[in-house]
Amino acid sequence: PPEIAARQYILLDLASNQVLAERDADTPAEPASLTKLMTAYLVFNALRDKKLTLTQTLPVSLRAWSERKGGGSLMFIDTTMTPTVDELLKGMIVQSGNDASVVLAEAVGASLDVFVTMMNKQAQAWGLKNTQFRNVTGLSEPGHYASARDIATIAAKIITDFPDFYTYYSIRQFSYNRIKQDNRNLLLGRDPTVDGMKTGFTETAGYCLVA
């Protein structure tokens, strides 16, 4: 539709998998925090495979704590804390916390490098030809990109493969360590039919949305 001013977009009917409209949907672009959709998918996979539990506590590494130096969104955890996987998922999904994303990725992959390799292998397994990950947060980095169609595929996989975990994406606000943050997706409060999913922003990516 002409009223959509996005540089790249795709409108997809998930029930029929029919594309309703698109513009440059296969053009690679910086995905910003939409990256965290793939991060979350692999964490959900680990939960399903019982490699993690929602009540399990995880240590906050110095690497995760150092995310506060990068200027991105944070859950505001530090190395003295041991948040649960459930809390970290809310920190990553609701608050878009880069620090929470790093803790979860380190828990699943043992290191960030291994986890990023897992992200790319999953993308390849789905046939995503215009996506390449370099980090788990979405901060700008050379070689880190995805297309609108590929991002839509990741989002659809979360909805179909993990319907129970999909409910995280409709949580309106989350508090941790006495810091309350609203969901970055303002559509959740403006339209009762919206139940997710993720926003993102960096100076070079601009504003990004999956809804």
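Modeller: Some terms first: helices (H or I, at least four residues) and strands (E, at least two) are DSSP runs, numbered from the N terminus, and two strands pair if DSSP finds at least two bridges between them. This is a predicted model, in which local features need pLDDT of at least 70, side-chain atom pairs count only at pLDDT 80 or more, and totals for chains, interfaces and linings use all residues. Residues are numbered from 1 along each chain as its sequence is written, and side-chain values use heavy atoms, with hydrogens and water left out.

Biologist: Which residue in the turn between S1 and S2 has a positive phi?

Modeller: Strand S1 (residues 9–13) and strand S2 (residues 18–23) run antiparallel and are joined by five bridges. The two strands form a hairpin, with four residues between them. The turn residue with a positive phi, about 60 degrees, is Asn-17.

Biologist: Where does Asp-26, another partner of Arg-149, lie?

Modeller: Arg-149 and Asp-26 meet through their side chains in a salt bridge of 2.7 Å, N to O. This pair also links distant parts of the chain, 123 residues apart: Arg-149 is in helix H6, and Asp-26 is in the loop between S2 and helix H1 (36–48).

Biologist: Is Glu-67 buried or exposed?

Modeller: Buried means under 20% relative accessible area, exposed over 50%, and partly exposed in between (1.4 Å probe, protein chains only). Glu-67 forms a salt bridge with Arg-63, with the closest N and O atoms 2.6 Å apart. Arg-63 is partly exposed at 39%. Glu-67 has 8% relative accessibility, so it counts as buried.

Biologist: Which elements do the buried residues of H3 pack against?

Modeller: Seven of the nine residues of H3 are buried, so this helix is largely enclosed by the rest of the structure. Leu-89 is one of the buried residues, and its contacts (heavy atoms within 4.5 Å) include Val-43, Phe-44 and Leu-104. The buried residues of H3 pack against H1, H4, S3 and S5.

Biologist: How far apart are the C-alpha atoms of Asn-98 and Thr-137?

Modeller: Asn-98 lies in helix H4 and is buried, with a relative accessible area of 2%. The residues that Asn-98 touches include Ser-33, Glu-67 and Thr-137. Asn-98 and Thr-137 are 39 residues apart along the chain, yet their C-alpha atoms are separated by 5.4 Å.

Biologist: Which element supplies the largest share of the lining of the largest pocket?

Modeller: On a 1 Å grid over the protein atoms alone, a pocket is an open set of points where a 1.4 Å probe fits, with protein on both sides within 12 Å along at least five of seven lines, and lining residues have an atom within 4 Å of a point. The largest pocket has a volume of about 1300 Å³, the space filled by probe spheres set on the points, which are joined across faces, edges and corners. S1, H6, strand S5 (198–202) and S6 each supply at least two lining residues. The largest share, six residues, comes from H6.

Note on methods
A salt bridge is a side-chain nitrogen of Lys or Arg within 4 Å of a carboxyl oxygen of Asp or Glu. Lists of a residue's contacts leave out its neighbours within four places in sequence.
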